[in-house]
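Me: Could we go through this structure together? I would like to start with the chain contact and then turn to the charged pairs.

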Amino acid sequence: MIAPSKNTYTYYPGCSQSATNKAYDISCRNVARVLGIELLELDDWNCCGATAYTAIREHRSFVLSARNLALAEKQGRDLVTACAGCYLSLHKANKYFGEDPKLRGNIRRALQAGGEDYNGGIKVRHILDVLVNDLGEEVISQHVVRKFEGLKVAPYYGCQITRPFGDIDDPEFPDVMGRMMRWVGAVPVDFAMMTKCCGGMLMITQPEVGQELVGEILRQAKLSGADCISTACPLCQINLEAYQRKVSRQLAADCSIPVLYFTQLLGLALGLEPEQVALGDNLTPAEAILAARSE
Amino acid sequence: MQAVAAAELKQIFLNDIYAIPDGERINQCQQCGTCSSSCPTAARMDFSPREIIAALRAGLLDRVLESNTVWMCSSCYSCTVRCPAGIKFTDVMYELKRLGSRYGYINRKSTTAQMARVFVKTVDRTGRSNEGELMFRYFMATNPLKGLGKLGLSLKLLLKNRLPLRTHRIKQRESLKKMIAEAEKGA
Ligand code: SF4
Ligand code: SF4
């Protein structure tokens, strides 16, 4: 076992961030590096189960999550992820594991069949929580080299960071991302849709429903006067950025607005270059953001 | 796959629900409708969340499962955080999705269910998932023509190197397979 150090965490990238949404992974790792946090990738991690697996097989999805928890426990550090979906899957499995003796027994038996075991010894954290609550304003402000003076940001939390447990922030009125945005000089706008669901997978499977939900989020973000939206979930990010033209046509309203990971905004403020936060991967233009970045 | 009478379905469902944490709270439902008014997709459901519990009480779960209702749930947890009776309604929805898939209520029209199945297959095989492979298999299983409609976006993602078609395989696949097999026994 490696001795736990204050700023070292075991890192769980997640499937989505290893491919389609790698900009989030890249910006997250680089932000951590600048801030002096060590994120050590969990070796041989597997899919957390996500909502899709849970909908078909619950026990198996808990076991999928638990295998990651078991591997992480051997390292003796909290398990950190940036994906809101992975965060909730792992966190929920961990919580239920702790609360429900029968489920715990079943999960452990399954893990043992594959030569692993878990004792409930680690915590699952979201990177936003780690940055805001473990590091905090003082440390982050010290590292900010360029401020986004006056950039209006609509913080979009979506669902699975604060709901259902509400242990990072209030499930109805979260402010954790807004606070961070203030630290980098940006102005979080009042955004009525900040915790409304983007539809997740429905964007692919029931596009008419997904587009309606995304349309309303984008429309409200524009109405709030935001220059951009910041997200903390790969599925939210792609849903909000990839269908803007279609949704604008549907609503007969301009719904085009840059959608960035909060780690991209933070990274730029910390002095990272656009490539170091993979800004070129975004489908929505981010020139406005770069222009607003005062030296 | 076995057919099962509506009355039996209710009992099976209740047994499953009682087995999950706080599951027995389902009996405390006051029919207040907070879940339905919080739900982003209730308008698209044949039975709103509140009506699902009413249907359960009336022994009409089979009608709920025959409709596309439960697959409209995006697992957003709005109902769960607001229910005054502390019912974890998102978990109820998950249980209904599984019940429907176990008793053959999934058909080609249940697009979200098809996606979930493709997802499970990919993860069972490799230990990971991957959007590229997922989309491809999903559209092949449902409506390949609709998949073509996504070509524009796929191309954009491909150009940005955001759409790998091969899924990474974890090293300890054998160990994971044994875990999954054992979990199946305990379920
Ligand atoms: S919010 Fe809770 S108590 Fe009210 S109808 Fe829904 S499930 Fe029943
Ligand atoms: S979790 Fe499902 S049922 Fe509950 S509010 Fe969200 S979409 Fe509706």
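This is a predicted model: local features need pLDDT of at least 70, side-chain atom pairs count only at pLDDT 80 or more; totals for chains, interfaces and linings use all residues.

Me: How many residues does the contact take from chain A and from chain B?
Reply: Chain A gives 64 residues and chain B gives 65, where contact means heavy atoms within 4.5 Å.

Me: And what area do chain A and chain B bury between them?
Reply: About 5,800 Å², with 60% of it on carbon and sulfur atoms. Buried area is the accessible area (1.4 Å probe) that two parts lose on being put together, summed over both.

Me: How many salt bridges does the rule find across that interface?
Reply: The rule finds six between chain A and chain B; a salt bridge is a side-chain nitrogen of Lys or Arg within 4 Å of a carboxyl oxygen of Asp or Glu. One of the salt bridges in the model pairs B:D124 with A:R60, their closest N and O atoms being 2.5 Å apart. B:D124 lies in helix α7 (residues 111-126) of chain B and A:R60 in helix α4 of chain A, so this pair joins two chains. Helices here are DSSP runs (H or I, at least four residues), numbered from the N terminus.

Me: Are those two residues buried or exposed?
Reply: B:D124 is partly exposed, at 22% relative accessible area, whereas A:R60 is buried, at 10%. Buried means under 20% relative accessible area, exposed over 50%, and partly exposed in between (1.4 Å probe, protein chains only).

Me: Changing topic: where is A:K92?
Reply: A:K92 sits in helix α5 of chain A and is buried, with a relative accessible area of 6%. Its side chain makes a polar contact with the side chain of B:Y77 at 3.0 Å. A polar contact is a pair of N or O atoms within 3.5 Å; within protein, one must be able to donate a hydrogen and the other to accept it, and residues adjacent in sequence count only if both atoms are side-chain atoms.

Me: Which residues are linked with A:R125 in a network of salt bridges?
Reply: A:D78, A:D129 and A:D134 are linked with A:R125.

Notes:
Residues are numbered from 1 along each chain as its sequence is written. Chains are lettered from A and ligands numbered from 1 in the order in which they are written. Side-chain values use heavy atoms; hydrogens and water are left out.
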